[in-house]
Amino acid sequence: MRAVELSGKLAPVYEKIALEEECDFLNAALAAKAGTSDGLHLDEAGHEQLAIAMTAKVKSILNE
């Protein structure tokens, strides 16, 4: 479960880099929840949640 703890600390780092580089950023952990099998990887529902969030993000980038 250390991997879960460590991965939770990555988003702020990536977000900071994205801001510095003037890139868009999507925090996948806020968009989708991990499945119950291992608490780290997405299950089918999680993949669907992430796809919906990514679609919305791309549309906002493209001003659609």
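**Legends for close-up views of a predicted model**

**View 1. Arg2, Glu5 and Lys9 are linked in a network of salt bridges.** A salt bridge here is a side-chain nitrogen of Lys or Arg within 4 Å of a carboxyl oxygen of Asp or Glu. This is a predicted model, in which local features need pLDDT of at least 70 and side-chain atom pairs count only at pLDDT 80 or more, while totals for chains, interfaces and linings use all residues. Residues are numbered from 1 along each chain as its sequence is written, and side-chain values use heavy atoms, with hydrogens and water left out. Arg2 and Glu5 both belong to helix H1, where they are three residues apart, about one turn of the helix; helices (H or I, at least four residues) and strands (E, at least two) are DSSP runs, numbered from the N terminus. Arg2 is exposed, with a relative accessible area of 52%, whereas Glu5 is partly exposed at 43% (buried means under 20% relative accessible area, exposed over 50% and partly exposed in between, with a 1.4 Å probe and protein chains only).

**View 2. Lys16 and Glu20 form a salt bridge in which N and O are 2.7 Å apart.** Because Lys16 and Glu20 are four residues apart in helix H2, about one helical turn separates them. Lys16 is exposed, its relative accessible area being 52%. The structure holds three salt bridges.

**View 3. The largest pocket holds about 410 Å³ of space.** On a 1 Å grid over the protein atoms alone, a pocket is an open set of points where a 1.4 Å probe fits, with protein on both sides within 12 Å along at least five of seven lines, and lining residues have an atom within 4 Å of a point. Of the 17 residues that line this pocket, Ser7, Gly8, Asn27, Ala28 and Ala29 are the closest to its centre. Helix H1 (2-7), helix H2 (10-20) and helix H3 (28-31) are the elements that give two or more residues to the lining, and H2 supplies the largest share, three residues.

**View 4. The protein chain has four helices and zero strands.** From the N terminus on, its elements run α-α-α-α. The C-alpha atoms fill a box of roughly 35 × 25 × 10 Å, taken along the principal axes, and 11% of the 64 residues count as buried.

Key:
Points joined across faces, edges and corners; volume = space filled by probe spheres on them.
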